[in-house]
Amino acid sequence: LTNKGGLLLAEGKSFEAWQNFDKALEISPNFYLIKNNIAYFLTSYSNNYTKALELVNKALDINSENIYSMNTKALALDQTGNHTGALKWYEKVLAKAPKYIVPLNNKGVALANLGDYQQALDWYDKVLKQVPGDLYMIANKARILGVNLDNYTDALKLISPGHRVFIHGG
């Protein structure tokens, strides 16, 4: 039900999505992963970050050690503009799961969102040694170089011609 709700939310069908979310919460009101997954979907497919933070905080109240809930909280905080708070939560996740690829990437995004472009680039350089070739990290590094630092020459060197679309926009 939670995943179906997420798919419906991604399709813009909020009412139907919430019917599924509410039913899942009714069936298992204290299952932290349901709360986490709903929070993740809200963070990814809607602008309802307040509700997302409320749910992920409840998930963390139930299981404070869950790295997925920690990561969802960091993502929601970053989306609300609390990039410093997001970094703290990404650090907590990475302390428990240093190879978890999502927070490895998103920490660099949060650093860039703070305007600390050089630290973000240094972070991606470090992490890309652990996971060479990760397209999301390469694209984010290229976006920082190109969009944020106006260094499109170096940005384009990072990305093969088929992937250059990633550095446009902002």
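Biologist: In which helix is the place of Asn-106?

Modeller: Asn-106 lies in helix α7, helices being DSSP runs (H or I) of at least four residues, numbered from the N terminus. This is a predicted model, in which local features need pLDDT of at least 70, side-chain atom pairs count only at pLDDT 80 or more, and totals for chains, interfaces and linings use all residues. Residues are numbered from 1 along each chain as its sequence is written, and side-chain values use heavy atoms, with hydrogens and water left out.

Biologist: Why does Asn-106 count as buried?

Modeller: Its relative accessibility is 13%, and buried means under 20% relative accessible area (1.4 Å probe, protein chains only); therefore Asn-106 counts as buried.

Biologist: What does Asn-106 touch, not counting residues up to four places away in sequence?

Modeller: Asn-106 touches Leu-75 and Tyr-90, where contact means heavy atoms within 4.5 Å.

Biologist: How do the axes of α7 and α8 cross, and what is α7 relative to α8?

Modeller: The axes of α7 (residues 101-113) and α8 (residues 117-130) come within 8 Å and cross at roughly 165°. Angles over 145 degrees count as roughly antiparallel, so α7 is roughly antiparallel to α8.

Biologist: Which residues make the contact?

Modeller: Among them are Leu-104, Val-109 and Leu-111 of α7, and Trp-123, Tyr-124 and Val-127 of α8.

Biologist: Which residues have the most contacts inside the largest nonpolar core?

Modeller: They are Ile-38 and Trp-123, in a core of 47 residues. Such a core is a set of buried Ala, Val, Leu, Ile, Met, Phe, Trp, Tyr and Cys residues joined through side-chain atoms within 4.5 Å.

Methods
Axes fitted to C-alpha atoms, helices over the stretch in contact; angles between N-to-C directions. Helix = DSSP H or I, 4+ residues; strand = E, 2+ residues; numbered from the N terminus. Parallel < 35°, antiparallel > 145°, perpendicular 65-115°, else oblique. Buried < 20%, exposed > 50% of the residue type's maximum accessible area, 1.4 Å probe, protein only.
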